[in-house]
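Welcome! Please open the model in your viewer and keep the selection panel at hand. We will go from stop to stop together.

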Amino acid sequence: MQISPYSEPEFDPYGDRQTEPDGGWLAPTAARPLGAVLALPGSKSLTNRELVLAALADGPSTLRAPLFSRDSELMIEGLRALGTTIEQIPGQGDFGGDLRVTPADELTGSTTIDCGLAGTVMRFLPPVAALALGPTTFDGDEYARKRPMAGVVRGLQALGVDLDDDGRGTLPFTVHGTGRVGGGTLEIDASASSQFVSALLLSAPRFERGLDLRHIGERVPSMPHIEMTIASLAARGVEVASPEPGRWVVEPGPIAAVDLDIEPDLSNAAPFLVAAIVAGGSVTITGWPADTTQVGAQLIDLLPRFGATVTRDGDRLTVHAPRRPADGGRGIRGVDLDLSEAGELAPNLVALAALADEPSTIIGIGHIRHHETDRIAALATELNGLGGRVTELDDGLRIEPAPLHGGPWRAYADHRMATSGAIIGLGVSDVVIDDIGSTSKTLPQFTELWGKLLA
Ligand SMILES: O=C(O)C1=C[C@@H](OP(=O)(O)O)[C@@H](O)[C@H](O)C1
Ligand SMILES: C=C(OP(=O)(O)O)C(=O)O
């Protein structure tokens with residue numbers, strides 16, 4: 001069955017990143033203040049957690065309004081390869097319907113899994129493969145082989161799982177699943193990615209002795225994503241105790257089958273909400289959840305720091321920006337931010353800061369050097385290429401005001417680099433993004449929605 005709800009012939013959700021045949025995508029500039037109302041597809045982080053939990057559950061689950069994108073399709077294909085039945089079924093909403101997930105009687109390996117560039121797939125599925133019978137080989141895009149995996153690879157090995165990584169600790173590797181994982185106590189260093197902790201917690205109820213997991217090392221980034229994992233497990237009847245910071249305990253037991261709604265992706269709301277600040281006017285996102293663990297909810301407090309006003313009316317969240325000042329500035333304020341919890345939002349906020357009238361310093365994001373690309377280096381390089389005055393720090397960026405000009409913007413196969421280029425292009429004419437197709441990682445409808453934003 002064809003899962004993909006989109007059918008542009010040039011787009012292959014399983015293929016390599018698309019380079020536009022004409023040499024790039026000319027980012028549209030905003031000719032007037034915005035007044036857009038937009039609905040967005042489901043959250044990547046919630047969809048890929050719920051797919052894993054549904055596959056490990058004690059019966060079939062329906063995920064309503066999930067995300068259909070490259071990352072979620074890779075997760076679907078990976079779980080199918082391990083024996084899970086996943087069907088796309090009609091549902092409410094505009095973005096591809098629902099998913100019905102029926103767990104396998106017994107998970108089976110003897111397969112290969114393509115992780116693409118998806119952190120959630122490369123981290124969340126190896127523990128599931130350890131619960132399957134037979135070998136599962138994991139690999140992904142070229143850059144995926146550079147992304148840190150040690151917390152999962154060494155963690156599973158320490159739990160007694162036969163994982164053959166040729167000593168590298170990165171993709172590719174093979175998990176020789178035996179159908180069971182003993183579990184018990186485990187120490188890992190999760191300072192490179194919170195996904196190491198989430199990965200082990202998601203499968204932990206199925207380990208024979210559960211898991212008593214302790215983080216040793218520097219600060220764990222992206223803590224809200226661990227809270228999301230804990231909340232997703234709780235909704236399926238699994239309690240995660242945290243007797244002290246950096247320690248999580250899961251008892252063995254069933255993961256309940258449940259039908260649930262996937263919230264819209266609030267991190268993917270960022271470029272659209274930021275657009276209101278660049279262009280002036282207002283942008284409203286519908287379906288904003290009243291209560292959420294998504295880190296995108298922090299935009300409500302972050303965007304006013306740049307000078308915007310954020311209002312909520314039921315499930316509609318609106319960002320309003322003032323008119324541009326008469327002094328020729330953009331009316332965007334500089335910020336000093338520690339984004340260690342919200343590194344996922346950093347590229348779009350750095351793009352906004354590059355259009356501000358005042359300097360900004362954004363720190364706490366050393367770990368985003370290990371995201372889809374080295375985002376700190378990529379942001380500094382691309383902004384400076386357009387006339388910016390951006391300095392790399394070990395764990396962040398310093399951004400001085402500078403007049404930007406048009407030119408090429410490389411996305412480095414990174415969806416958030418691509419959307420950051422689009423943000424710059426709203427305010428600066430002739431910005432050309434080499435690979436806008438990389439947005440298919442989490443938002444295949446990006447260019448269509450960007451068009452609606454400006455209509
Ligand atoms: O668990 C998740 O869904 C995610 C966790 C975070 O990863 P890091 O902890 O590696 O930053 C985040 O940046 C990523 O986009 C999604
Ligand atoms: C870091 C990100 O993705 P991943 O899930 O691949 O880590 C991201 O979406 O910003």
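What follows is a short walk through the domains, the ligands and a few helices.

**Before you start.** You are looking at a predicted model, in which local features need pLDDT of at least 70, side-chain atom pairs count only at pLDDT 80 or more, and totals for chains, interfaces and linings use all residues. Residues are numbered from 1 along each chain as its sequence is written, while chains are lettered from A and ligands numbered from 1 in the order in which they are written.

**Stop 1: the two domains.** Colour residues 25–40 + 264–454 as domain 1 and residues 44–261 as domain 2; such bounds come from an automatic or database domain assignment. Their centres, taken over C-alpha atoms, are 30 Å apart. Where they meet, 19 residues of domain 1 are in contact with 23 residues of domain 2, contact being C-beta atoms, placed from the backbone, within 7 Å. On the domain 1 side, the touching residues are five nonpolar, nine polar and five charged. Here Ala, Val, Leu, Ile, Met, Phe, Trp, Tyr, Cys and Pro count as nonpolar, Asp, Glu, Lys and Arg as charged, and the others, Gly among them, as polar.

Helices (H or I, at least four residues) and strands (E, at least two) are DSSP runs, numbered from the N terminus.

**Stop 2: ligand 1.** Which residues come nearest to ligand 1? Of the 13 around it, they are Ser45, Ser193, Ser194, Ser222 and His225; a residue is near if its C-beta atom, placed from the backbone, lies within 6 Å. Helices α3 (119–130) and α5 (195–203) each give two or more residues to this shell. The shell has one nonpolar, eleven polar and one charged residue. Both domains contribute to the shell, so ligand 1 lies between them.

**Stop 3: ligand 2.** Now select Ala118, Gly119, Thr120, Glu344, His371, Glu372, Arg416 and Thr442, which surround ligand 2. By class, they are one nonpolar, four polar and three charged. Ligand 2 also lies between domain 1 and domain 2, because both give residues to its shell.

Stay on Glu344, which the unreviewed UniProt entry annotates as "active site". Glu344 sits in the loop between β18 (336–338) and α9 (346–354). Is Glu344 buried or exposed? It counts as buried because it has 27 C-beta neighbours inside 10 Å; with C-beta atoms placed from the backbone, 20 or more others within 10 Å make a residue buried, 12 or fewer exposed, and anything in between partly exposed. Beyond its neighbours within four places in sequence, Glu344 is in contact with Ser222, Ser267 and Val295.

Stop 4: Select α6 (residues 223–234), whose buried residues include His225, Ile226 and Met228. The buried residues of α6 pack against α1 (44–56), α5 and β12 (240–244).

Move to α2 (residues 70–81), where nine of twelve residues are buried. Its cover includes α1, β4 (85–89), β6 (111–114) and α3. After α2 comes Gly83, with a positive phi near 110°.

Finish at α4 (residues 150–158), with Gly151, Val152, Val153, Gly155 and Leu156 buried. Just after α4, look for Gly160, which has a positive phi of about 95°.

Notes:
Contact = placed C-beta atoms within 7 Å. UniProt positions renumbered as here; feature names shortened; annotations may be inferred. Expected span 1.5 Å × (residues − 1).
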